[in-house]
Amino acid sequence: AADNKFAKFLLSCLKCCFWCLEKFIKFLNRNAYIMIAVYGTNFCTSARNAFFLLMRNIIRVAVLDKVTDFLFFLGKLLIVGSVGILAFFFFTHRIKLVQDTAPSLNYYWVPILTVIVGSYLIAHGFFSVYGMCVDTLFLCFCEDLERNDGSPERPYYMSPELSEILLKGNLEPSKSTDSQG
């Protein structure tokens, strides 16, 4: 309650630290649950394995995270924008097919904003499911890279399309088996 500048600074630093901790825990939980589903191990073991697997592939994690975040942002923007434009045309009676069914409103921005917020929440829900799928496929991809080397004895289990996307087509079987024959 006092006007102490040091206390305010300390409080803002603690808020920042707790925000970072919350984001890290959410990230860790998400990947731990994926590893639990894949291997059936307990939470702590799965969290540790997921963390170290992702740390060994930190560059791929950063790139994939930013690319998927951007694509999901574009998808949400496209959905919300198209629904917003459609709602605007609907409530302003500019669609000839439904002119009679649209209510006559003096102030049409409130229903349009309600539709936009609702469409954002629905799009966010759907894209969070796709985000979980991307994270699951990425963890399986990283695990496949660590367990297999692409040779005929230990081939990759990932699809060729996935290897092209994430490895940029540089996937070749190991040369030690080719040089022996």
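Which residues lie nearest the centre of the second largest pocket? They are Val63, Leu64, Phe138, Ile165 and Leu166, out of 13 lining residues. Before going on, note that this is a predicted model, where local features need pLDDT of at least 70, side-chain atom pairs count only at pLDDT 80 or more, and totals for chains, interfaces and linings use all residues. Residues are numbered from 1 along each chain as its sequence is written, and side-chain values use heavy atoms, with hydrogens and water left out.

A pocket here is an open set of points on a 1 Å grid over the protein atoms alone, where a 1.4 Å probe fits, with protein on both sides within 12 Å along at least five of seven lines; lining residues have an atom within 4 Å of a point. The second largest pocket holds about 390 Å³ of space, and H3 gives the most to its lining, with six residues. Helices are DSSP runs (H or I, at least four residues), numbered from the N terminus.

The largest pocket holds about 880 Å³. Its lining has 25 residues, with Phe27, Arg30, Asp65, Asp69 and Asp135 nearest the centre. H3 again gives the most, 11 residues.

Now for the helix pair. The axes of H1 (residues 5–39) and H2 (residues 43–56) come within 8 Å and cross at roughly 105°; axes are lines fitted to C-alpha atoms over the stretch in contact, with angles running from 0 to 180 degrees between N-to-C directions. H1 and H2 are therefore roughly perpendicular (65 to 115 degrees).

Methods
Helices (H or I, at least four residues) and strands (E, at least two) are DSSP runs, numbered from the N terminus. Angles under 35 degrees count as roughly parallel, over 145 as roughly antiparallel, 65 to 115 as roughly perpendicular and the rest as oblique. Grid points are joined across faces, edges and corners, and a volume is the space filled by probe spheres set on the points.
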